[in-house]
Amino acid sequence: MSVTKANNNKDTYKATAVSLIVIGLLFLVDKLIHFSSIGLPWVMDEDNLLLYVSVCFLIFKRDKSVGLILLALWLVMNIGLVMSWLGSMSEYLLPLALLLIGGVLLLFVRR
């Protein structure tokens, strides 16, 4: 058990370090070339920083739960953007899917 916990901590530190490096690089590049001046103002949007961290945690951490939770938070924070991506689909489809996924997860937790 202690070996698994040590690997989990190591994965967490690695994912956190990579996340900090990615965000630091993005801020540095933004200071040098300004993403908004080249037509990419969304790159440095505060909401998207959460997306970058969630992707880093999904890639570098063995336990995907933190990355999935951060990704779900990003989805909830940007529900309007997600709905516009869905386009012709019903506006009730995503909230119903979130309720269904949450209910399934709740059932797994209670077992």
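Predicted model: local features only at pLDDT ≥ 70, side-chain atom pairs only at ≥ 80, totals over all residues.
Leaving aside neighbours within four places in sequence, which residues is Val-18 in contact with? Residues are numbered from 1 along each chain as its sequence is written, and side-chain values use heavy atoms, with hydrogens and water left out.

Val-18 is in contact with Cys-56 and Phe-60, contact meaning heavy atoms within 4.5 Å. Val-18 itself belongs to helix α1, residues 2-33; helices are DSSP runs (H or I, at least four residues) numbered from the N terminus. Although Val-18 and Phe-60 stand 42 residues apart along the chain, 8.2 Å separates their C-alpha atoms.

I turn now to α2 and α3. The axes of α2 (residues 46-60) and α3 (residues 65-77) come within 8 Å and cross at roughly 155°, where axes are lines fitted to C-alpha atoms over the stretch in contact and angles run from 0 to 180 degrees between N-to-C directions. The two helices are therefore roughly antiparallel to each other, the term applying to angles over 145 degrees. Among the residues that meet are Leu-50, Phe-57 and Leu-58 in α2, and Leu-70, Trp-74 and Met-77 in α3. The residues of this contact divide into 12 nonpolar, 3 polar and 1 charged; Ala, Val, Leu, Ile, Met, Phe, Trp, Tyr, Cys and Pro count as nonpolar, Asp, Glu, Lys and Arg as charged, and the others, Gly among them, as polar.

Helix α3 also contributes to the lining of the largest pocket, supplying the largest share, 8 residues. Of that lining, 12 residues are nonpolar, 1 is polar and none is charged.

Methods
Parallel < 35°, antiparallel > 145°, perpendicular 65-115°, else oblique.
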